[in-house]
Amino acid sequence: MHDTHHENTEELYDQYVLRNYGKAPLTLVRGDGVYVWDDEGTRYLDFGSGIAVSALGHAHPAWVAAVREQIHRLTHVSNLYRTRNQGRLAKTLAGKCGPGRVFFCNSGAEANEALIKLSRLHGNRKAGEEGKCYKVVTAENGFHGRTFGGMSATGQEKIRKGYAPLVPGFSFGKLNDLESFERLVDEETSAVFLESIQGEGGIHSCTPEFLKGIRELCDRKGVLMLLDEVQCGMGRTGRFFAYEKAAIRPDAVGMAKGLGSGFPIGAVWVHEDFADLFTPGSHGTTFGGTPLACAAGLATLYVIERDRLMENVRENTPGWMKELNAMKEAFPDTVLSVRGEGYMVGVQLATDAAPMVAALRRHGMLAVPASGNVIRLLPPLIAGKDDLSRSVEIFRAALADPE
Ligand SMILES: *Cc1c(COP(=O)(O)O)cnc(C)c1O
């Protein structure tokens with residue numbers, strides 16, 4: 001198809017790929033487990049997981065077998081028809097979330113878009129007329145995706161800049177400051193919408209008390225509690241959802257990233273009390289919940305259970321945190337803090353994250369920058385103790401030799 005002998009991927013990107021992303025440092029060609037390789041044969045410990053996506057690591061045999069089997073059988077038919085896998089995956093997710101129903105889409109932004117549309121339906125039903133109850137309170141420094149709805153819900157100027165006018169009705173409380181949310185919720189509010197752990201914002205967790213307080217506030221005011229678990233869900237914290245630590249149940253949940261372990265899939269679960277807000281024709285997407293995407297989702301969830309990957313995360317996290325904190329003690333001028341839950345860790349630096357991400361790469365590890373000076377470590381859920389220790393060794397080497 002292409003004359004690959006004379007092909008230079010970097011040149012192709014320079015010439016043809018839209019410049020909405022910064023220039024990439026590497027061309028990656030292969031992955032296996034916790035490792036990826038570039039086009040020069042250099043191996044990297046992948047502790048970015050494609051931004052918390054590759055839950056099972058790369059080329060997991062059970063995942064590959066499930067996707068391969070399904071691709072031979074049936075790939076796509078649209079939602080004009082039922083497919084077995086969509087029914088199965090909806091049941092599995094409802095089993096994790098509670099009594100209710102599931103909508104499938106293809107990304108985190110689309111999942112959040114459905115949540116925002118749900119809040120409109122709820123507000124309009126509550127007010128008895130359209131446009132009177134439509135406000136959504138979210139958190140400063142959050143991130144909910146790049147669609148107009150997601151962007152409007154995102155309390156970070158750098159994401160919103162250049163796109164005015166945005167969707168009206170969004171306001172921003174301070175994370176873990178319940179009073180700031182109490183002040184913003186009024187008669188016109190239809191929902192409170194939060195990440196249980198802010199990812200792009202630099203790894204900031206909602207405390208259990210705050211989540212409980214938001215649940216109570218939403219109940220008292222008759223507004224929906226919507227949680228964006230796109231990054232922190234699907235087992236990453238050692239629980240299927242990060243909100244489970246607070247022993248609450250939201251009214252609806254957005255999922256994506258890790259759900260297909262690399263196959264694009266998003267989902268929204270809606271509690272049964274609100275599931276009837278979506279009526280036939282009120283929302284949809286062509287590609288949502290294809291038998292292939294759902295095969296990837298089912299395989300991912302199956303392996304997480306079968307191989308006890310959430311237990312793996314819970315068992316390994318204390319040791320890893322200890323090693324990371326020892327690293328912080330050893331480099332007190334550069335490492336300001338280490339925070340996070342499970343396999344969702346932020347290392348806050350005194351300096352910009354970008355040069356340190358480059359140094360980590362030179363020392364053999366991929367990580368993801370966040371919020372200016374935070375390095376995110378998001379290992380695949382299959383990562384074992386040795387992989388975690390290796391990540392700290394590499395981090396120490398990069399701190400000692402950052403050039
Ligand atoms: C990544 C992310 C999104 C957006 O997901 P896309 O698949 O990139 O559209 C939304 N919310 C959170 C919390 C995310 O981390």
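Predicted model: local features only at pLDDT ≥ 70, side-chain atom pairs only at ≥ 80, totals over all residues.
Let us start inside. In soluble globular proteins, nonpolar side chains tend to be buried together. Here the largest nonpolar core has 82 residues, and the members that touch the most others are Leu93, Met255, Ile375, Leu377 and Phe395. Helix 11, residues 291-306, gives the most to this core, with nine residues.

Setting aside neighbours within four places in sequence, leucine 93 is in contact with Val102, Phe104, Phe240, Met255, Leu259, Ala267 and Leu301. There is also a second, separate core of 19 residues, with Ala111, Leu115, Ala153 and Leu277 among them.

Now find alanine 114, which sits in helix 5, residues 108-127. Is alanine 114 buried or exposed? Its relative accessibility is 1%, and buried means under 20%, so alanine 114 counts as buried. Leaving out residues up to four places away in sequence, alanine 114 touches Phe103, Val268, Phe278 and His283. Alanine 252 is 138 residues away from alanine 114 along the chain, yet their C-alpha atoms are separated by 9.9 Å.

Next comes the sheet. Strands of a sheet pair through backbone hydrogen bonds, either parallel or antiparallel. This open sheet has seven strands in the order 4-12-11-10-7-5-6, and its pairing is mixed. Strand 4 (100-105) and strand 6 (170-173) stand at the edges with a single partner strand each, so one side of each has no neighbour in the sheet. On average, neighbouring strands are turned by 20 degrees against each other, direction ignored.

Within the sheet, look at strand 11 (residues 252-255) and strand 12 (residues 266-271): they run antiparallel and are joined by four bridges. Valine 253, for example, has tryptophan 269 in strand 12 as its bridge partner. Helix 4, residues 84-97, lies across strand 4, strand 11 and strand 12, and runs at about 125 degrees to strand 4.

Our last stop is helix 13, residues 353-362, where Ala353, Met356, Val357, Ala358, Ala359 and Leu360 are buried. These buried residues pack against strand 14 (344-349), strand 15 (365-366), strand 16 (368-370), strand 17 (374-377) and helix 14 (385-400). Just after helix 13, glycine 364 takes a positive phi of about 105 degrees.

Definitions and conventions
Residues numbered from 1 in each chain as written. Heavy atoms only, no water. Core = buried A, V, L, I, M, F, W, Y, C linked by side-chain atoms within 4.5 Å. Buried < 20%, exposed > 50% of the residue type's maximum accessible area, 1.4 Å probe, protein only. Helix = DSSP H or I, 4+ residues; strand = E, 2+ residues; numbered from the N terminus. Contact = heavy atoms within 4.5 Å. Pairing = 2+ DSSP bridges. Axes fitted to C-alpha atoms, helices over the stretch in contact; angles between N-to-C directions.
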